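Please look through the structure below before reading the notes that follow. They cover sheets, helices and aromatic rings in turn.

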Amino acid sequence: MKNKLFVIIDAMALAYKAYFAFISRPLSTKKGEPTSAVYGFMTQLLKVLENHKPDYIAVAFDSKEKTFRHEKYEAYKSSREEMPEDMVPQLERIKQIIASLKMPVYILPGYEADDIIGTAVKKAEKLGLESLAITPDKDYFQLITDKIKIVRPGKSNDEVIIYDKKKVIDELGFEPKYMIDYLALVGDSSDDIPGVPGIGPKTAVPLIQQFGTIENIYNNIDKIEKESIRKKLIENKEKAFLSKELATIHTEVPLDFDFEKAKFEKPDFETLRQIFIELEFKSLYSKLLEIYGNSEILKTNLEVEKITEQVSFVKDDVDYKLVNNQNDLDELVKHLKNSKEFVFDTETDGLKPFEIKLAGVSFCTEPKKAFFIPIEPHENTGLFSNSDRKAIPISEFVKKFKSVFEDKSIRKICQNGKYDIAVLRHQNISVKNFYFDTMLASYVLDPDQKHNMDDLAQKYLNYKPIPLSDLIGTKQDPTKIFDVDIKVLSNYSAEDADITFRLYKKLDEELKKEKIEKVAYDIEFPLVPVLESMEFEGIKIDTEALQQQSKDLELLMENYAQRIYQLAGKEFNINSTKQLQEILFEKLKLSTGRKTKTGFSTDARSLENLRGEHEIIDIILNYRQVAKLKSTYTDSLPNLINPKTGRIHTSFNQTGASTGRLSSIDPNLQNIPIRTDLGKEIRKAFIPRDRNHLILSADYSQIELRIMASICEDETLMKAFINGEDIHRSTAALVFNVKPEDVTPDMRRKAKEVNFGILYGIGPFGLKTRLGIPQTHAKEIIDTYFRTFKKVKDFMDDSILKAKEKGYAETLYGRRRYLKNINSNNRVVRQFEERVAINMPIQGTAADMIKLAMIKIHNELEKKKYKTKMVLQVHDELVFDAHKSEIDELKPIIKKIMEEAFPLKVPVVADIGVGENWLDAH
DNA sequence: CCAAGCGCGTA
DNA sequence: GTACGCGCTTGGG
């Protein structure tokens, strides 16, 4: 008969290990409760419970008091920093969970968990039990015997490694019982165990292998050949023996260990459920139920049915069908035609819709059941030739399925549908009734999370999908997809469709539970086809103009560079901040300003302050401007022109910004220059598609200030907008107490900075650096501002207060951003989030507004079959490639839709311009 | 080849 | 003071 199993856990050490494992990106709940340590602790515990069914289980904690080791050696653990602030609540959580798991806790004043565990496992051994000690600490190896093993966390947080005699010998090269002798020589810096200075693992292991214990080493000290080692050993004999003593785990501490109390028993599921919900450990809870539900010991005690219902699905329980003959294809079309909604997912050999080939499409209409159609990109290409199963020619697929995708009565659901819609558009299929996107649903629920399917499946379904790398290797060459066996590809793709369907149901429920579904259904989902269309259209670039500019800039840059080298007295790389620092601050001895991690700052602001000190500064600033324009714009943009269309097709990232804004990548067309004259030339190169078109630009005027005015309902501010005043001028008049007509350009500039500052959650310090005025003066301006616009201050305070209560900031449309650090004890961290709490509702509401306008404008253009296309969005501006014949008609339509998309309590104004290029359209 | 750090373009 | 993405250098592989 098998021996009974006893498991004992070093809770504190496990928690610490996990805490630091996640230190670069700590886990926390949406509301900001830190959870790294709890999560790591639970993962390890559950992993062990899953693999081994303990009959007895207990937990050991370190005592708070000093231990006998401290008395032996003052420096013991002296370099340990105090417990991190956010560790404290996590230990409380761990204790809560342990209590609910009905596991006894052992703490003994004056002893560490090591000693309790040592004593417990030795007692277990005498009673004939097998033991497993869970701990990250390798000191424990000394306890290992045939009956006692150690479990340590591996490299990834859900990996566990079991150390038995063999494993220790394999890894360290000596038997576990010599661990203390090893530590005696090598020491342990984390516990301040000194060891023998100068002896590391490389020296220690052979010594241990030859002599075993340190006693034996010193008895045979003459046999050590290397004089240097012998010397070190002799000189530090005392340290060695002290170290051994410190490293030795006591196995006979005065502890009455009662195995009866440690019997593995049924936990308090209700409390655990509550705790796990609060900690947002959805998948861990499923796992817990699974483990306890499957446990032989507990099965009889539990309502197994109720539990398995909540456990996530298992892989072999599904029905995935490869569809590659006429009959099955027709069946599938019929089935989809009769469905009210379906998930689809395309498999391709790349990421850019313009360049890829379609390799297959999967469908799902209900959980666990999915279909996959392998596709040949062209007739008889034989791309799937290495498989004995045949694929469907693309023409065949399109002929049969086009009407299903284009059927307006059937809802389409995707993970990142913008991509799939684009892929099908290139097959002349126009997806209609795009209804739900799991990626965007996740973004709406919490924009700061990851939204890829693997993470969503893990988080919401406790499921790990087949990784793509299993199919095409870790080299991530997507063209390999045609080398994958069709059956394998089928299972992978069908699983993706299936999971997307399950995520759809789950996320839909979450959205409604959080009462946030309007943001998803009114804004994000309908925006998908709009953005897809904009990306498809792209915008034309005047390549020749850019290339000419590149040449001009090249000359300028060369001139500046030569002059800089002259003034510096040597040639160097001006692009290198490191080298520039040496020149400016060491060679030329200019005064230093702001510091960065790597030295003194050389950014534009710092250089501005040095202007008078040396004529090199101006030239460097000029060089920088030219170099930036050349490398980022005139040199790069022509490379991004799609050869097939002759236009640039950016990609709008709908999940990139936590405020709700879009971002633009490959290339970023939301940061095309406009401020400087040189920069304006680049904007001129953005042109209409042909002679029959013009660029039309429509932008919101002062939208963020209007939104703030509307939220806080400040009478002065509202009146200024209602009367159509120049808001910066009015602000200046009020703040500087002059008549509007007496406002100087400098006063207006300052007022403008104040207005922007307010939107960002300004402080006197920020305004000081921005305006270059004394902080006291900045404070006066701000004070006057708040006295004038009384409700603005209230709005700022309310925003922070509301965010602190709810744990998130929100827009007028209900879009959320969680602010987990807004109650932090760290002032810098907290104040940052307080400013975010002010800014996000404003920036985010503006984003909601323009998104709503985009959807309406796009639909209008489609419905009336206009030739004019919307092509870019730059946060408060929409850019159109407008057909000349439609411009007069469209101008008022676009203006009206933008102004009425989301009414405020003050007027919303959109200005429209038309021109031969993007610059002239302003 | 990759990540971090810096600097800088936009709203 | 908010929100982004990208080019370049550097230092590590």
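**Strands, helices and rings in a predicted model**

Strand 1 and strand 2 (residues 56–60) run parallel and are joined by 5 bridges. This is a predicted model, in which local features need pLDDT of at least 70, side-chain atom pairs count only at pLDDT 80 or more, and totals for chains, interfaces and linings use all residues. Residues are numbered from 1 along each chain as its sequence is written, chains are lettered from A and ligands numbered from 1 in the order in which they are written, and side-chain values use heavy atoms, with hydrogens and water left out. Helices (H or I, at least four residues) and strands (E, at least two) are DSSP runs, numbered from the N terminus.

**Sheets**

- D10 stands opposite A60 in strand 2.
- An open sheet is formed by 6 strands in the order 3-2-1-4-5-6, and its pairing is mixed; two strands pair if DSSP finds at least two bridges between them.
- Strand 3 (105–106) and strand 6 (160–163) are at the edges of this sheet with a single partner strand each, so one side of each has no neighbour in the sheet.
- Another open sheet has 4 strands in the order 24-25-21-26, with antiparallel pairing.
- Its edge strands are strand 24 (869–873) and strand 26 (910–915), each of which pairs on one side only.
- Neighbouring strands of this sheet are turned by 25° against each other on average, direction ignored.
- Strand 21 (residues 693–700) pairs with strand 25 (residues 877–883) in the antiparallel sense over 7 bridges, and I695 stands opposite D881 in strand 25.

**Helix packing**

- In helix 11 (residues 237–247), the residues A240, L242, S243, K244, L246 and A247 are buried, where buried means under 20% relative accessible area, exposed over 50% and partly exposed in between (1.4 Å probe, protein chains only).
- These buried residues of helix 11 pack against helix 3 (68–72), helix 7 (179–186) and helix 9 (214–219); contact means heavy atoms within 4.5 Å.
- Helix 29 (residues 703–712) packs against helix 35 (residues 790–806) at an angle of about 85°, with their axes 9 Å apart.
- The axes are lines fitted to C-alpha atoms, for helices over the stretch in contact, and angles run from 0 to 180 degrees between N-to-C directions.
- Helix 29 and helix 35 are therefore roughly perpendicular to each other; angles under 35 degrees count as roughly parallel, over 145 as roughly antiparallel, 65 to 115 as roughly perpendicular and the rest as oblique.
- Where these two helices meet, M708, I711 and C712 in helix 29 face K791, V792 and F795 in helix 35 as contact partners.

**Aromatic rings**

- The whole structure holds 40 aromatic pairs: rings of Phe, Tyr and Trp (its six-membered ring) pair if their centres lie within 6.5 Å, and planes under 30 degrees apart count as stacked, over 60 as edge-to-face and the rest as tilted.
- F6 and F257 form an edge-to-face pair, 5.5 Å centre to centre with 70° between the planes.
- F6 is in strand 1 (residues 5–10) and F257 is in the loop between helix 11 and helix 12 (269–278), 251 residues apart.
- Both F6 and F257 are buried.
- The ring centres of Y435 and Y521 are 5.3 Å apart and the planes are at 55°, so this pair is tilted.
- Y435 lies in strand 13 (residues 434–437) and Y521 in helix 23 (residues 517–537), so the pair ties together parts 86 residues apart in sequence.
- One aromatic cluster is formed by F342, F344, F363, F397, F401 and F405.
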